[in-house]
Amino acid sequence: MPTARSPFWEKVQFGGGLGVSFGNGYTDISVAPSAIYNVNPYLATGIGLQASYVSSKGYYDSGVYGVSFLTYINPIPEIQLSINLNESYVNNHYDAYYSQKAYTDNFWNTALFLGAGYRTGNVTVGLAYNVLFDENDNVYSDALMPFVRAYF
């Protein structure tokens with residue numbers, strides 16, 4: 001006999017991202033699951049996790065682990081505005097060849113991405129801007145970040 005889902009779970013969607021890139025001595029792997037609760041057709045809020053590892057052989061390797069607090073606003077079904085507050089722990093290790101002397105740089109990083117995208121069905125494609133971007137923090141290479149997200 002099938003069981004009925006609770007009204008809460010009827011409004012929950014899961015999504016996230018996976019990324020893998022390999023090259024000549026270069027590796028980039030990322031995992032970012034997330035879940036949102038649709039408050040109504042215009043507003044959703046949720047949480048996401050992230051973990052990434054980047055390595056450039058002989059230069060550096062980096063691990064980033066964090067949590068995101070997500071808000072999505074849909075003024076019309078095709079447009080999605082987003083607010084993503086991200087707190088990450090960063091572990092960068094630079095090899096001696098890259099910086100004269102090997103060293104490790106561990107720190108916390110806060111990012112606040114404000115975004116806008118075109119939404120069709122469960123998929124949104126757009127651009128987000130990190131209003132807290134600092135080119136010296138060695139986390140993000142640019143304040144602008146394109147995105148594709150899907151929730152099911």
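**Figure 1. Strand β4 between its two partners in the predicted model.** Two strands are treated as a pair when DSSP finds at least two bridges between them, and the views described here are taken from a predicted model. Strand β3 (residues 43-56) runs antiparallel to β4, and the pairing extends over 14 bridges. Within this pairing, Leu43 has Ile73 of β4 as its bridge partner. Strand β4, which spans residues 60-76, also pairs with β5 in the antiparallel sense, here over 15 bridges, and Thr71 stands opposite Ile83 in β5.

**Figure 2. The turn between β3 and β4, with Gly58.** Strands β3 and β4 form a hairpin in which three residues lie between them. Gly58 belongs to the loop that connects β3 and β4, and its phi in the turn is positive, at about 85°. With a relative accessibility of 33%, Gly58 counts as partly exposed, because that class lies between the limit of under 20% for buried residues and that of over 50% for exposed ones. From Gly58 to Gly19 the separation is 39 residues in sequence and 22 Å in space, taken from C-alpha to C-alpha.

**Figure 3. The aromatic pair of Phe8 and Tyr37.** Rings of Phe, Tyr and Trp are paired here if their centres lie within 6.5 Å, and this rule gives a count of seven aromatic pairs. In the pair of Phe8 and Tyr37, the ring centres are 5.0 Å apart and the planes meet at 15°, so this pair is classed as stacked. Phe8 sits in helix α1 (residues 7-10) whereas Tyr37 sits in strand β2 (residues 26-40), so the pair ties together parts of the chain that are 29 residues apart in sequence. Phe8 is partly exposed at 43% relative accessibility, and Tyr37 is likewise partly exposed, at 25%. Ring pairs also bring in Trp9, linking it with Phe8 and Tyr37 into a cluster.

**Figure 4. The aromatic pair of Tyr60 and Tyr94.** The ring centres of Tyr60 and Tyr94 lie 6.5 Å apart with their planes at 40°, so the pair counts as tilted. Tyr60 is part of strand β4 (residues 60-76) and Tyr94 is part of strand β5 (residues 79-94), so this pair ties together parts that are 34 residues apart in sequence. Tyr60 is partly exposed, with a relative accessibility of 25%, whereas Tyr94, with a relative accessible area of 7%, is buried.

**Figure 5. Strand β7 and the two faces of its side chains.** The side chains along strand β7 (residues 123-130) alternate between two faces.

**Figure 6. The whole chain, as context for the close-up views.** The chain holds two helices and eight strands, and these follow one another along the sequence in the pattern α-β-β-β-β-β-α-β-β-β. Along the principal axes, the C-alpha atoms fill a box of roughly 60 × 40 × 25 Å. Of the 152 residues in the chain, 30% are buried, and the accessible surface amounts to about 9,600 Å², with 62% of it belonging to carbon and sulfur atoms. If contacts between residues at least 6 apart in sequence are considered, 44% of them join residues that are at least 24 apart. The chain carries 6 positive and 11 negative charges, whose mean positions lie 12 Å apart.

Technical notes: Residues are numbered from 1 along each chain as its sequence is written. This is a predicted model: local features need pLDDT of at least 70, side-chain atom pairs count only at pLDDT 80 or more; totals for chains, interfaces and linings use all residues. Side-chain values use heavy atoms; hydrogens and water are left out. Rings of Phe, Tyr and Trp (its six-membered ring) pair if their centres lie within 6.5 Å; planes under 30 degrees apart count as stacked, over 60 as edge-to-face and the rest as tilted. Helices (H or I, at least four residues) and strands (E, at least two) are DSSP runs, numbered from the N terminus. Buried means under 20% relative accessible area, exposed over 50%, partly exposed in between (1.4 Å probe, protein chains only). Contact means heavy atoms within 4.5 Å. Accessible areas come from the Shrake-Rupley method with a 1.4 Å probe; for residues, only the protein chains shown count as cover. Lys and Arg count as positive and Asp and Glu as negative; His and the chain ends are not counted. The place of a charge is taken as NZ of Lys, CZ of Arg, CG of Asp or CD of Glu.
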